[in-house]
Amino acid sequence: MPPSEVESAVVHPLTRLVHAGRDPSRQGGAVNMPVYRASTICFPDMASLEHARANPDSEISYGIYGTPTVRAFQDAMAELEGGHRALALPSGLAAISAAVLSFARAGDHLLMVDTVYGPTRRFCDAIEARLGIGVTYYDPRDPDPGRLLQANTRLIYAESPGSQTFEIQDIPALAGIAHRAGIPLLLDNSWGTPLHFPAFAHGVDVSIHAATKYISGHSDVMMGLVVCNAASWTAVREQVVTHGLCVSPDDCYLALRGLRTLAPRLERQVANALQVARWLQEQAAVRQVLYPVLPESPDHALWKRDFRGGASLFAIELDTRSEAAVRALVEGTKVFALGASWGGYESLIFPAYPGPERRVAPWKGGQLVRLHIGLEDPRDLIADLAAGLARAAAHPEFGGTF
Ligand SMILES: *Cc1c(COP(=O)(O)O)cnc(C)c1O
């Protein structure tokens with residue numbers, strides 16, 4: 001079908017964010033794609049049914065393959081990121097496991113970054129034990145992880161910035177290494193979002209998102225996405241269909257609704273985060289702020305080269321090794337809530353423990369605390385943290401260990 005006038009007028013990412021995956025003229029005039037709930041899809045005759053089955057990417061033959069609401073969300077994400085197609089999955093972790101298993105069979109080998117999201121590492125431990133899939137971890141700052149490739153390595157997996165410690169990876173360089181070996185590069189792009197890290201332009205083959213985070217943006221949806229380039233699409237689709245994975249159209253409606261305001265939420269939240277981070281840099285109880293958006297960060301140059309914007313999730317290293325002092329900080333906050341996850345409109349504080357799991361890039365510093373900065377007035381966030389840091393510093397176990 002030739003692009004409509006509307007489609008050819010949608011050029012820039014911000015316009016795409018508003019228009020992708022919806023067409024009021026096909027939605028009874030409604031601005032938003034309605035929630036289509038369906039298991040059965042009815043056909044007028046066998047020819048129509050056979051046509052739908054033969055064209056699974058454009059037609060729907062059963063609810064498990066997604067209703068128009070699910071397809072709208074998937075199409076919007078693929079369009080925004082510049083991928084070929086996308087599949088929605090019930091959580092970010094489900095998207096990660098489906099993507100990895102699309103390319104790895106029993107006896108294969110994977111190259112994983114050591115700073116992966118904790119549950120991703122647990123998944124790798126499980127497939128190592130159950131399927132005999134070998135996993136080698138590489139340092140996110142390793143200039144040549146290619147030397148770790150084996151004859152049976154089926155993929156390179158990246159996460160940039162790294163979970164909890166926020167190292168930025170050189171994704172174009174990694175893509176070169178993967179493609180010279182004839183294997184795909186998978187990226188957990190949850191922090192970067194399709195808006196701020198153009199994964200496919202940087203050579204990524206499969207971009208994975210915890211849409212639970214910024215994309216849905218309101219702390220009320222569990223959702224994952226695997227966005228594929230054309231070469232990786234068939235393998236991923238087959239894996240997801242084979243396992244019967246599907247998502248609720250209601251959740252896709254919420255995720256699409258969240259997606260529409262991604263740009264202004266990120267813009268404001270990153271501005272707030274920078275203000276809070278700069279203040280934190282001045283505090284005696286804080287050894288460093290791990291946030292590539294800060295010019296002082298060792299990863300800032302790489303972030304600036306490859307990203308179009310930041311995110312409002314970062315960590316602080318406290319000037320202590322005491323877990324009790326961390327508890328004193330995180331337990332008494334009034335604006336920051338103590339809770340897992342991030343990417344919503346509200347601020348969160350969470351202790352981070354990268355220590356024992358890491359194999360090649362162990363964390364040897366002080367206690368880490370992860371902050372997610374929301375849409376509140378940063379002055380209230382700073383006051384809350386000032387009181388929290390004072391509680392931590394007043395703890396008898398604070399300090400004295402460095
Ligand atoms: C939260 C998170 C995930 C998993 O998302 P869920 O929807 O919670 O399963 C994956 N990657 C990163 C980097 C995350 O922070």
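Which of the 13 residues around the ligand come nearest? They are G92, L93, D188, T212 and K213, where a residue belongs to the surroundings if one of its heavy atoms lies within 4 Å of the molecule. Before going further, keep in mind that this is a predicted model, so local features need pLDDT of at least 70 and side-chain atom pairs count only at pLDDT 80 or more, while totals for chains, interfaces and linings use all residues. Residues are numbered from 1 along each chain as its sequence is written, and side-chain values use heavy atoms, with hydrogens and water left out.

Let's stay with the ligand. By class, its shell has six nonpolar, four polar and three charged residues; here Ala, Val, Leu, Ile, Met, Phe, Trp, Tyr, Cys and Pro count as nonpolar, Asp, Glu, Lys and Arg as charged, and the others, Gly among them, as polar. Helix 5 (residues 92–101) gives the most to that shell, with three residues. Helices here are DSSP runs of H or I with at least four residues, strands are runs of E with at least two, and both are numbered from the N terminus.

Now for the polar contacts, meaning pairs of N or O atoms within 3.5 Å. D188 puts a polar side-chain atom 2.6 Å from a nitrogen atom of the ligand. On the oxygen side, a backbone N or O atom of L93 lies 2.9 Å from a ligand oxygen, and a polar side-chain atom of W342 also lies 2.9 Å from an oxygen atom of the ligand. Taken alone, the ligand exposes 380 Å², and the protein buries 90% of that (Shrake-Rupley areas with a 1.4 Å probe).

Next, the aromatics. The whole structure holds four aromatic pairs, that is, Phe, Tyr or Trp rings (for Trp, the six-membered one) with centres within 6.5 Å; planes under 30 degrees apart count as stacked, over 60 as edge-to-face and the rest as tilted. W191 and F307 have ring centres 5.7 Å apart and planes at 80°, so this pair is edge-to-face. It links distant parts of the chain, 116 residues apart: W191 is in the loop between strand 5 (185–188) and helix 8 (193–196), and F307 in the loop between helix 12 (300–306) and strand 9 (313–318).

Finally, have a look at the loop between strand 4 (153–159) and helix 7 (171–180), where P161 is found. The peptide bond from S160 to P161 is cis, with omega near 0°. Q164 lies in this loop too, with a positive phi of about 75° although it is not a glycine. F166 is also found there, and its phi is near 65°. Most residues other than glycine have a negative phi, and most peptide bonds are trans.

Methods. A polar contact is a pair of N or O atoms within 3.5 Å; within protein, one must be able to donate a hydrogen and the other to accept it, and residues adjacent in sequence count only if both atoms are side-chain atoms.
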